[in-house]
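Subject: Handover of a structure and notes on its contents

Dear colleague,

Please find below the structure that I am handing over to you.

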Amino acid sequence: MPTSTAVVHEWLVSRAGSEKVVEQLLRVCPQADVFSLVEFLQPEAVSLIPPGTRVQTSFVQNLPWARRHFRQYLPLMPLAIEQFDLSPYDLVISSNHAVAKGVLTRPHQLHVSYVHTPIRYAWDLQQQYLQQAGLTSGAKSALTRMILHYLRLWDLAAAHRVDCFVANSRYVARRIWKTYRRPATVIYPPVAIDRFRWQQPREDFYLTVSRCVPYKRVDLTVEAFNRLGLPLVVIGDGPALASLQKTAQQNITFLRNPPDAVVSDHMERCRGFVFPAEEDFGITVVEAQAAGAPVIAYGKGGCAETVIDGKTGVLFKQQTVDHLVQAVQYFDGHRRQFEAETIRNQAETFSEARFQQEIAAYLLQKWLKFEQGDELE
């Protein structure tokens, strides 16, 4: 194996899904150094980085208002990521959902990029992003479109700097091929299965856990349960939260950013977990199954790979209120066919131990081929 390893990530600010991948990569490569554009980890998330690990940040870390508004510096991020000096390392692993794969490496270095998603607001979600930001016309819209155009050109060039791609789902692997015309090996991300109890009695409420932003489609869930009149708990925060609360009827309860223990407890007790978004992987869907909860989800994207329709949940085919209502009604009439043990067993196929084993074997295989001068793809 290589004698020195660098792990590159865009930003370390929370304990989200991509940061959990970094955490597991550092368990597989415990001597690795970490490079991140910014590092503003909250106290509860500091444990992601093992004590003594060297973390190097970019100039973005010291820009005005970076702690709260670092994402506003997106136009500078391609430049910033290219300033990292990675020349001392044999192996470079980038954890990428924006610009991390754009680091500069040399011929003697192997660069493996674990891709959570190609940068969505520059590619397939550009129009939705512009509409959400109110940038469909005018001078600011034109400037934003120019920046995104530049970002697409840079992103495509950056993809050619990667020796091997790993995708977090088959869905993302297809998007990598569509965007970069590069093949990718699928290694599902790690999920902390063991923190959930799955044998708790089920109670009479449904649950959804999500950021309240347009593409997550929490509005579909709220409107569907307004129509159904069934009890629903919405856990999350975001710019759309206030408008969702205004439209929700009394059968819907909102919890804004509760502790992780509260989220886990609701997953362990809910009748069913509702997820109407088209996600690249959807870690909360697997977490719900780890808690033994059946899932009612839109059958596209990562959910089509993590939920077994008819056994661990119900997948609906169109992202509409009518189809979600029908899926909930079907589930409600067939609840006995969804066994908690079967649901839990499905979740265990996405465990942290499985991820560590698969990524370690993959890195070893690619490194041996790289040393021998063999083709990597």
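In strand β3, the bridge partner of Phe35 is Gln56. Helices (H or I, at least four residues) and strands (E, at least two) are DSSP runs, numbered from the N terminus. Two strands pair if DSSP finds at least two bridges between them.

Before going further, please note that this is a predicted model, in which local features need pLDDT of at least 70 and side-chain atom pairs count only at pLDDT 80 or more, while totals for chains, interfaces and linings use all residues. Residues are numbered from 1 along each chain as its sequence is written, and side-chain values use heavy atoms, with hydrogens and water left out.

Strand β11 (residues 272-275) pairs in the parallel sense with β8 over two bridges, and Leu207 has Phe273 of β11 as its bridge partner. Strand β11 also pairs in the parallel sense with β12, over three bridges. Across that pairing, Val274 stands opposite Ile296, and Phe275 has Ala297 as its bridge partner. Strand β12 in turn pairs with β13 (residues 313-316) in the parallel sense over four bridges, with Tyr298 opposite Phe316.

Which way do the side chains of β12 (residues 295-298) point? Val295 and Ala297 point one way, Ile296 and Tyr298 point the other way, and all are buried. Here, buried means under 20% relative accessible area, exposed means over 50%, and partly exposed lies in between (1.4 Å probe, protein chains only). In β11, Gly272 and Val274 point one way and Phe273 and Phe275 the other way, and all are buried.

Together, β11, helix α10 (residues 283-290) and β12 make a right-handed β-α-β unit. A crossover is right-handed if, with the strands pointing away from the viewer, the path from the first strand over the helix to the second runs clockwise. Eight of the eight residues of α10 are buried, so this helix is largely enclosed by the rest of the structure. Among them are Ile283, Val285, Glu287 and Gln289. Just after α10, Gly292 takes a positive phi of about 80°.

Aromatic pairs

A pair of aromatic rings is described by the distance of the centres and the angle of the planes. Rings of Phe, Tyr and Trp (its six-membered ring) pair if their centres lie within 6.5 Å; planes under 30 degrees apart count as stacked, over 60 as edge-to-face and the rest as tilted. By this rule the count comes to 14 aromatic pairs. One of them is Tyr206 with Phe225, a tilted pair at 5.3 Å centre to centre and 55° between the planes. This pair links distant parts of the chain, with Tyr206 in strand β8 (residues 206-209) and Phe225 in helix α7 (residues 218-228), 19 residues apart. Both Tyr206 and Phe225 are buried. The rings of Trp367 and Phe370 have centres 5.6 Å apart and planes at 35°, so this pair is tilted. Both residues lie in helix α14 (residues 352-372), three residues apart, about one turn of the helix. Ring pairs also link Tyr206, Phe225, Phe331 and Phe338 into a cluster.

Cysteines

How many disulfides does the structure hold? There are zero disulfides, a disulfide being a pair of cysteine sulfur atoms within 2.5 Å. For Cys29, the nearest cysteine sulfur is that of Cys164, 14 Å away. Cys29 counts as buried, at 10% relative accessibility. For Cys212, the nearest cysteine sulfur is that of Cys303, 17 Å away. Cys212 is buried, with a relative accessible area of 1%.

Yours sincerely
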